[in-house]
Amino acid sequence: MPRLSDSMEEGTIIKWLKASGDDVQRGEELVEIETDKANMTYEADASGTLEIVAEEGATLPIGETIARLGDGSAPAAKQEAPKAAAAEAKDEPKAAEGSVTATAEETPAPAPSAGGDADSNGNGRVKASPVARRLAEELGVDLSAVSGSGPGGRIVKADVQGAADNGSAAPAESAPAEAAAPAAAPAPAAPAKEIPGPVVSGDAGSGKGETTSIELTRTQQVIARRMAESKATIPDYIVTTEVDMEAAVSLREQMKAAANESRRAPSFNDMVVKAAALALREFPKANGGYKDGKWELYSRVNVGIAVATDDALIVPTIFDADKKSLGEISKDARALATRVRAGRITPPELSGATFTVSNLGMFGTTEFTAIITSGQAGILSVGALRDTPVVKDGQVVPGKRMNITIAADHRILNGAEAAQFVARVRELLETPFSLAF
């Protein structure tokens, strides 16, 4: 299992692009792997005859063997187990190549009894493929009573069909008990680019009506874990300021008038990224992070921009944002967002951010506090640009205002420093011609 991102700990094999026994040339696309950030296509690092070791749907830690490339003489290269797995896999929907929207991770269903095959982790759960689980549920087959013929004793579709033909279906009266049990099996894997299939259970006396449980994708699971870790371990606080955006609005109108197909006007978020990058250069601790009792100060100013997809939040990186013109930042931001949504983002583009900007202004949100990414000193949240009455020279007049908020890690950035940082960002946005170079 290759390391495809700086924070990756394990990966899930989504789709083999070659079959066991195929001749593979170095550089050919070999397998699609789901990481903690996105789906990545991995290329062969050598030439040879492919022997698939880990089947589609398997989740393995970094460094674990997923395949071998040999000279074709080993009989294992065409062993039956991978063929059986590949045949069964034809019945399962596959993630589109390069898709950022991840396929739901397969989570084994709890065994109804102490019997049955345990999985490789020895946790007492039955080992079965997603197709086998769905079929067993449809046919009422008790998986704990089925012997698996797949790799490592894994139950496959043919095993379930055989059990159903032999009359090994679970008793019908067990269904209500399973529906009412609080530890009901989670949903099996669902097709890529779709919300994983829901599991609907009865009221069970809770008064909530029917409950729909949706299995998280691996990307969603990692995001959930890291957000929880961030809130639990980082002593964060927030500083908010209001920015007078009249000059920025005027500048952008001029840029829009001069724009063409090859040179588009930058967005207000592009201006915020540029202003933040310049401020980060002036405040090195804001461009750093706290780790293991030490401050880490980064020499490059790389700003991550949060991009929402259908079911996850992906943060690609604009590298050396302090050295790029506003037009270059705008071009990079558009290209990154397009690649994220098209599933073509690459591992290097998801790594290396030293600070993050998150913008919910397009949804009308006036102010919010984002969660800090571990290893960074803070994250800047951008609210909506709004028309509001303001006082100038003793008169109430129309104004353009926008709130920006930094959530900062107090272990590296104290309150005064965070306040000075956002004040500098505000100053740069209020004098936007300084951003145009």
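Visitor: Is Ile 13 buried or exposed?

Guide: This is a predicted model, so what follows describes a prediction. Ile 13 has a relative accessibility of 1%, and the cut-off for buried is under 20%, so Ile 13 counts as buried.

Visitor: Where is Ile 13 placed?

Guide: Ile 13 sits in strand E1.

Visitor: And which residues does Ile 13 touch, leaving out those up to four places away in sequence?

Guide: Ten names come up: Met 1, Val 31, Glu 32, Ala 54, Glu 55, Glu 56, Gly 57, Ala 58, Leu 60 and Ile 66. Take Ala 54 from that list. Ala 54 is 41 residues from Ile 13 along the chain, and their C-alpha atoms are separated by 7.8 Å.

Visitor: What about the rest of E1, how many of its residues are buried?

Guide: Five of the seven, counting residues 10–16, so E1 is largely enclosed by the rest of the structure.

Visitor: Which strands is E1 joined to?

Guide: Strand E6, residues 59–61, is joined to E1 by three bridges, and strand E3, residues 29–34, by four. E1 runs antiparallel to E6 and also antiparallel to E3.

Visitor: Which residues are bridge partners there?

Guide: Gly 11 has Leu 60 in E6 as its partner.

Visitor: What holds strands together in general?

Guide: Strands of a sheet pair through backbone hydrogen bonds, in a parallel or an antiparallel way.

Visitor: OK, a helix next. What should H5 span, and what does the model give?

Guide: H5 covers residues 218–233, which is 16 residues. At 1.5 Å a residue the helix should span 22 Å, and its end C-alpha atoms are 22 Å apart, so the two agree.

Visitor: Which residues of H5 are buried?

Guide: Arg 218, Thr 219, Gln 220, Val 222 and Ser 230.

Visitor: New topic: the largest nonpolar core. Which residues touch the most other members?

Guide: The core has 68 residues, and the ones touching the most other members are Ile 66, Val 357, Leu 380, Ile 406, Phe 421 and Leu 429. Helix H7, residues 268–282, supplies the largest share of this core, with nine residues. A separate core of 11 residues lies apart from it, including Val 126, Ala 128, Leu 135 and Val 160.

Visitor: Ile 66 was on the contact list of Ile 13 too. What does Leu 429 touch?

Guide: Beyond four places in sequence, Leu 429 touches Val 243, Met 245, Ala 248, Met 271, Val 272, Ala 275, Met 402 and Leu 435.

Visitor: How many aromatic pairs does a search of the whole structure find?

Guide: Two. In one of them, the rings of Phe 283 and Phe 421 have centres 6.3 Å apart and planes at 85 degrees; edge-to-face needs over 60, so the pair is edge-to-face. Phe 283 lies in the loop between H7 and strand E11, while Phe 421 belongs to helix H9, 138 residues away.

Visitor: Are those two buried or partly exposed?

Guide: Phe 421 is buried at 0% relative accessibility, whereas Phe 283 is partly exposed at 21%. Together with Phe 355, Phe 283 and Phe 421 form one aromatic cluster.

Visitor: You mentioned E11. Which residues is Tyr 290 in contact with, neighbours aside?

Guide: Tyr 290 lies in E11. Leaving out neighbours within four places, Tyr 290 contacts Trp 295, Asp 409, Arg 411 and Ile 412. Tyr 290 and Arg 411 are 121 residues apart in sequence, yet 6.6 Å apart from C-alpha to C-alpha.

Visitor: Last one: how many helices and strands does the chain have?

Guide: Nine helices and 20 strands. Of the 437 residues in the chain, 43% are buried.

Key:
Residues are numbered from 1 along each chain as its sequence is written. This is a predicted model: local features need pLDDT of at least 70, side-chain atom pairs count only at pLDDT 80 or more; totals for chains, interfaces and linings use all residues. Side-chain values use heavy atoms; hydrogens and water are left out. Helices (H or I, at least four residues) and strands (E, at least two) are DSSP runs, numbered from the N terminus. Buried means under 20% relative accessible area, exposed over 50%, partly exposed in between (1.4 Å probe, protein chains only). Two strands pair if DSSP finds at least two bridges between them. The expected span of a helix is 1.5 Å times one less than its number of residues. Contact means heavy atoms within 4.5 Å. A nonpolar core is a set of buried Ala, Val, Leu, Ile, Met, Phe, Trp, Tyr and Cys residues joined through side-chain atoms within 4.5 Å. Rings of Phe, Tyr and Trp (its six-membered ring) pair if their centres lie within 6.5 Å; planes under 30 degrees apart count as stacked, over 60 as edge-to-face and the rest as tilted.
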